[in-house]
Amino acid sequence: MMDKIETPDLSHISSSDYENVYEPAEDSFLMLDALESEIPYIKAIKPTICLEIGSGSGIVLTGLAKCLGSGCAYFSVDINSHAAQVTRKTASRNCVSLEVVNCDLVGPFLSRIQNEIDVLVFNPPYVPTDESEIDPKSPIALSWAGGLRGRKVMDRLFPLIPQIMSPNGTFYLLIVKENDEDDIFKVMKSYKWHGSVIMERKAGREYLKVLKFKHVQM
Ligand SMILES: C[S@@+](CC[C@H](N)C(=O)[O-])C[C@H]1O[C@@H](n2cnc3c(N)ncnc32)[C@H](O)[C@@H]1O
């Protein structure tokens, strides 16, 4: 029972909020289910810093933080300022302490988090689209439009993984089939990170997968 992630209370989020902030969907719930299946493992690595990139409504990190409890610091970032605000409200509504930053990936504090992150979670904009659909003026488009192969944003994060993750750090990434998991595994392998699929599910036209990455210890 203690290893269960309860879906956070999101009743404070209005339909007008969802005009600018990603509304939790099958991908969000698959990530929550995958993290729930990982709770014994996550507890065993004794995380002190968990970071979610692209928190949106805050559903994922708030759920994880509520389950893991207060022995860990929780940070989230989102490029969308509306999402950062809503994540703050979700954390407070669910009595969770979370630091939320409105920024692009980990840009402003990259040098401050070298080898510090124990658990990293990212449900990125993964839908393959035309580059022009990644419109900085549309917060909602930034939540799903992923450019070529849906890889535009996640590809910018991969080279940062060896820098920011702690020695036992674990990275959870949600993808769809079109993102090409074999190629993602190859890219991460070039940084000496090993990946595996820990959960997958068909949701309408999307085939969703959660990947787990760990540093290959020599
Ligand atoms: C698919 S939504 C996931 C939202 C939430 N984590 C969930 O699972 O419901 C992707 C999120 O990533 C954010 N995002 C997109 N590009 C980003 C970037 N470069 N840096 C930080 N966040 C980004 C979007 O604003 C959006 O909130």
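This is a predicted model: local features need pLDDT of at least 70, side-chain atom pairs count only at pLDDT 80 or more; totals for chains, interfaces and linings use all residues.

Reader: Okay, and how many aromatic pairs does a search of the whole structure find?

Author: The search finds 2 aromatic pairs. One of them is formed by F171 and F213, whose rings are stacked, with 5.6 Å from centre to centre and 25° between the planes.

Reader: Which parts does that pair tie together?

Author: F171 lies in strand β5, residues 165–176, while F213 lies in strand β7, residues 206–215, so the pair links parts that are 42 residues apart in sequence.

Reader: Is F171 buried or exposed? And what about F213, buried or exposed?

Author: F171 is buried, with a relative accessible area of 0%, and F213 is buried as well, with a relative accessible area of 0%.

Reader: Let's switch to strands. Which way do β1 and β4 run, parallel or antiparallel?

Author: Strand β1, residues 49–53, runs parallel to β4, and 4 bridges join the two strands. As an example from this pairing, the bridge partner of L51 is L120 in β4.

Reader: What else does β4 pair with?

Author: β4 also pairs with β5, in the parallel sense and over 5 bridges, and here F122 stands opposite L173 in β5. Strand β4, which covers residues 117–122, is mostly covered, since 6 of its 6 residues are buried.

Reader: And how do β6 and β7 pair?

Author: Strand β6, residues 193–203, pairs with β7 in the antiparallel sense, over 10 bridges, and within that pairing E200 has K209 in β7 as its bridge partner. The two strands β6 and β7 form a hairpin with 2 residues between them, and G204 in the turn has a positive phi of about 60°.

Reader: New topic: how many disulfides does a search of the whole structure find?

Author: The search finds 0 disulfides. The sulfur of C72 has its closest cysteine sulfur in C50, but at 3.5 Å this is too far for a bond, because a disulfide here requires the two sulfur atoms to be within 2.5 Å.

Reader: Where is the nearest cysteine sulfur to C95, then?

Author: For C95, which is in no disulfide, the nearest cysteine sulfur is that of C67, 16 Å away. C95 is exposed, with a relative accessible area of 70%, whereas C72 counts as buried at 13% relative accessibility.

Reader: What volume does the largest pocket have, and which residues lie nearest its centre?

Author: The largest pocket has a volume of about 690 Å³. It is lined by 40 residues, and those that lie nearest its centre are N123, P124, P125, L142 and S143. The elements that give two or more residues to the lining of this pocket are α1 (26–44), β1, α2 (59–68), β2 (73–78) and α4 (141–144).

Reader: One last thing: where is the place of G58?

Author: G58 sits in the loop between β1 and α2, and G58 is buried, with a relative accessible area of 0%. Although G58 and T90 are 32 residues apart in sequence, they are 6.0 Å apart in space when taken from C-alpha to C-alpha.

Note on methods. Residues are numbered from 1 along each chain as its sequence is written. Side-chain values use heavy atoms; hydrogens and water are left out. Rings of Phe, Tyr and Trp (its six-membered ring) pair if their centres lie within 6.5 Å; planes under 30 degrees apart count as stacked, over 60 as edge-to-face and the rest as tilted. Buried means under 20% relative accessible area, exposed over 50%, partly exposed in between (1.4 Å probe, protein chains only). Two strands pair if DSSP finds at least two bridges between them. On a 1 Å grid over the protein atoms alone, a cavity is a set of points where a 1.4 Å probe fits but cannot get out, and a pocket is an open set with protein on both sides within 12 Å along at least five of seven lines; lining residues have an atom within 4 Å of a point. Grid points are joined across faces, edges and corners, and a volume is the space filled by probe spheres set on the points.
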